[in-house]
Amino acid sequence: MARFRSTLLRVLALAGMALVAALIANSLASPARRLAWVRSSLPPATAAPRVEKIQPPLPGSGLPIVPESKVGHPIHPGHLPSSRPAPSPAPAAAPAAETSPSSPILDISAEEAWRAFQSGTPFLDARRGSEFAEGHIAGAWSTPVWESDLDDRLLSFKAARRPGSEDPIVIYCSGGDCRDSHLLAEKLLGEGYFHLLIFHDGYPAWVAQGRPIGKGRP
């Protein structure tokens with residue numbers, strides 16, 4: 001047992017001496033030949049800062065010149081690229097809007113109805129005959145859409161005025177939803193008339209504006 005212990009001590013002593021010798025040799029060797037584990041533990045070499053060479057200004061210009069090392073060749077300040085962003089391309093032109101044909105039945109305002117009256121456009125009263133007798137737009141034709149003689153009244157109107165299919169015809173009733181006016185307009189549209197103007201506010205608005213009125217049965 002004592003012999004074994006003595007041998008172990010000598011082996012450890014030799015190993016320690018070998019390690020010390022290796023460290024000394026590695027410290028004396030060049031960085032490329034040092035052991036990898038030693039190189040990795042050493043701090044990396046710091047590169048020396050690069051000194052830019054500033055060229056003298058052009059003779060007579062008094063302007064500095066950008067170093068060649070940055071751009072490869074001298075650039076006069078007047079030729080430096082602009083820092084402003086490039087202009088965005090112009091937006092493509094929007095396609096032309098599709099135009100839809102005008103509706104053959106249009107609502108008009110009280111002012112538009114007045115202008116139509118002044119221009120001689122015929123007016124059709126879609127209210128009942130009793131309402132027409134109490135008061136109506138001057139010169140209007142009584143064409144009550146809910147009464148049985150509507151067709152005869154329309155024939156009388158067509159025979160007297162002979163409106164063309166594209167001639168304007170103003171239709172009115174008592175305002176509101178203008179249901180009577182729309183029913184009459186749809187009937188005339190089915191008979192081939194395509195320029196029907198519904199005076200949306202109707203007879204009450206006409207009276208309120210002091211426009212010409214008439215009374216009595218047609």
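This is a predicted model: local features need pLDDT of at least 70, side-chain atom pairs count only at pLDDT 80 or more; totals for chains, interfaces and linings use all residues.

User: Which other arginine has its charged end over a ring?

Analyst: Arg-127 does, with its charged end over the ring of Tyr-203, at 4.4 Å from the centre.

User: Which aromatic cluster do Trp-114 and Tyr-203 belong to?

Analyst: They are part of one cluster, made up of Trp-114, Phe-117, Phe-123, Tyr-172, Phe-199, Tyr-203 and Trp-206.

User: OK, back to Trp-114. Which residues of helix 4 are buried?

Analyst: In helix 4, which runs over residues 110-118, the buried ones are Ala-110, Ala-113, Trp-114 and Ala-116. They sit on the same side of the helix, because they cover an arc of only 160° around its axis.

User: Why do residues three or four places apart point the same way?

Analyst: An α-helix has 3.6 residues a turn, so residues with that spacing end up pointing the same way.

User: What follows helix 4?

Analyst: Gly-120 does, and its phi is positive, near 90°.

User: Which residue other than glycine has a positive phi?

Analyst: Arg-162 is one of them, with phi near 45°. You'll find Arg-162 in the loop between helix 6 (150-161) and strand 5. Cys-178 is not a glycine either, and its phi is positive at about 55°. Cys-178 is in the loop between strand 5 and helix 7 (179-190).

User: Is Arg-162 buried or exposed?

Analyst: Exposed, because its relative accessibility is 69% and the cut-off for exposed is over 50%. Cys-178, on the other hand, counts as buried because its value is 0%.

User: Switching topic: how many aromatic pairs are there?

Analyst: The count comes to nine. Take Trp-141 and Phe-157: their ring centres are 5.6 Å apart and their planes are at 70°, so this pair is edge-to-face.

User: Where in the chain are those two?

Analyst: Trp-141 is in strand 4 (residues 141-142) and Phe-157 is in helix 6, so to speak a link between distant parts of the chain, 16 residues apart. Trp-141 is partly exposed, with a relative accessible area of 25%, whereas Phe-157 is buried at 1%.

Key. Residues are numbered from 1 along each chain as its sequence is written. Side-chain values use heavy atoms; hydrogens and water are left out. Buried means under 20% relative accessible area, exposed over 50%, partly exposed in between (1.4 Å probe, protein chains only). Helices (H or I, at least four residues) and strands (E, at least two) are DSSP runs, numbered from the N terminus. The arc is that of the directions from the helix axis to the C-beta atoms. Rings of Phe, Tyr and Trp (its six-membered ring) pair if their centres lie within 6.5 Å; planes under 30 degrees apart count as stacked, over 60 as edge-to-face and the rest as tilted. A charge sits over a ring if NZ of Lys or CZ of Arg is within 6 Å of the ring centre and within 35 degrees of the ring normal.
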